[in-house]
Amino acid sequence: MTETYRNHIAGAWVDGETVDNINPSNTGDSLGRYVRGTKQDAESAIAAAKEAFPAWSRSGIQQRHDILKKASDEIIARREELGRQLSREEGKTLAEGIGETMRAAQIFDFFAGECLRLTGEIVPSVRPGIDVTMTREPVGVVGIITPWNFPIAIPAWKIAPALTYGNTVVVKPADLVPASTWSLVDILIRAGLPKGVLNLVMGKGSVVGDVIVKSPDVRALTFTGSVGTGRKIAASSVEVMRKFQLEMGGKNPLVVLDDADLKTAVECAVNGAYFSTGQRCTASSRLVVTAGIHDKFVDALTERLKGLVVDDALKDGTQIGPVVDQSQMSQDEEYIKIGRDEGATLLWGGERLNRSTPGFYLQPALFTDTKPEMRINKEEIFGPVASVIRVKDYDEALHVANDTPFGLSSGICTTSLKYASHFKRNAEAGMVMVNLPTAGVDYHVPFGGSKGSSYGPREQGRYAAEFFTTVKTAYTLP
Ligand code: NAD
């Protein structure tokens, strides 16, 4: 019998209408029935978080540490099971699913430590005899809205700092992948979080998301997802005058210079553009290649793509899992058609594949002979599709790399210190990678983009304090 997974509101598991959580590797397989919350559920969750805030904001740091550490320990102990669940609901390979699960555990471990390292400052006033203290205080109820492509890591990197700094939470995962967040919330509740501190409202963006976004009681809202939704969240957040943080799309370039090590460049391209089925905001969807290495690079990359195993995410040996669902599949296929219609050469892949189970299998696609102004080079496709743009030299490569409204991650493959240093300074992106894939970041340092990719303070590491706290300056005349 399929199990039902409920929302968690005000310390209780709450029933409602359900929807099946479908495995994209095998559409006949359901992970279970997950409740789709109502507007009333979202309102109750916000009210519960508001009620729980005064006590949690004054809770001891040892208590917070112990809960986060316990959660981290349980995630590590259950990494195989949780990683399998993640791969089954999102479609990334089992190795990627377990890796992402471990990342969630590391994030909770890191923030458990941060609970014990909360600090402030004390400085003399310009008026003699007065002390000035600066402390970081929790913001209040934090709304967390997450996308489907990192079902456990993104909720983890928002929930962990929110709790660390004394905020209470209402979290809404993407409707497509509720299982990983459900498990995370279950673990944290059992680790000892008091009633109302962490509330889970699974459901549709237009229903429960809308209530969270419009509520004046949500004092900070952290969102990862598409630019379109981000814009709506920004407008509503200004309306109620709250803090907000948006992590959105990308059209990330990987520059390959004539002097690059060919093997490194090809591996960076394969990993950055195609791993996790290309469904990463940091995916290198534009491969900007200088003329001298262009043909060698394209040949070697195509050979490598021919050998990639596309199959069921849970199967041994699978390197590329399925696309997440039919709607994303249609989007990928539509862009492949657009690329051809624009005159690009589809050198490899792009066709739907049949495997032993019904799933959304797509052969990774590589376009060549593309121009920077083509739609496939301007718009985020969010699938296993990349295009090569041939350029004359480094200067043109840098110009093309920066010629996008996005600015999340930007990479270069070169053995030249001069070009690597220049690129690090001049790439218009929040994250720059030299001889590394554009995707794949650490959890203890800031994550985020520039230009149209991000808005607000950085996520992760100690920089997370900027968003999840507000600074209070107090003056005392003893
Ligand atoms: P999406 O914007 O469709 O959905 C994201 C979340 O917002 C979901 O939980 C959804 O239910 C909710 N939502 C949708 N409409 C809403 C509304 N009107 N009000 C409130 N909530 C609403 O994005 P997606 O398709 O889930 O994710 C893919 C996108 O996420 C891509 O653009 C990708 O680049 C981006 N992404 C960015 C990062 C980053 O850190 N920059 C990381 C991962 C994904």
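The centres of domain 1 (4-248 + 453-476) and domain 2 (253-434), taken over C-alpha atoms, are 31 Å apart. These bounds come from an automatic or database domain assignment. The model is predicted, so local features need pLDDT of at least 70 and side-chain atom pairs count only at pLDDT 80 or more, while totals for chains, interfaces and linings use all residues. Residues are numbered from 1 along each chain as its sequence is written, and side-chain values use heavy atoms, with hydrogens and water left out.

In the interface, 23 residues of domain 1 are in contact with 28 residues of domain 2, contact being heavy atoms within 4.5 Å. About 2000 Å² is buried between the two domains, and carbon and sulfur atoms give 59% of this area. Buried area is the accessible area (1.4 Å probe) that two parts lose on being put together, summed over both. On the domain 1 side, Ser-25, Trp-148 and Ser-453 lose the most area to domain 2, together 26% of what that side buries.

The largest pocket holds about 930 Å³ of space. Trp-148, Phe-223, Gly-225, Ser-226 and Thr-229 are the closest to its centre among 35 lining residues. Because domain 1 and domain 2 both give residues to the lining, the largest pocket lies between them. Helix H7 (205-214) is one of the elements that give two or more residues to this lining, and H7 gives the most, with 5 residues.

The count comes to 2 cavities of 30 Å³ or more.

| Cavity | Volume | Lining by class |
|---|---|---|
| Largest | about 90 Å³ | 6 nonpolar, 6 polar, 3 charged residues |

In the second largest cavity, Pro-253, Thr-404, Phe-406, Gly-407 and Ser-409 are the closest to the centre of the 14 lining residues. Ala, Val, Leu, Ile, Met, Phe, Trp, Tyr, Cys and Pro count as nonpolar, Asp, Glu, Lys and Arg as charged, and the others, Gly among them, as polar.

Methods. 1 Å grid on protein atoms, 1.4 Å probe; cavity = no way out; pocket = protein on both sides within 12 Å on 5 of 7 lines; lining within 4 Å. Points joined across faces, edges and corners; volume = space filled by probe spheres on them. Helix = DSSP H or I, 4+ residues; strand = E, 2+ residues; numbered from the N terminus.
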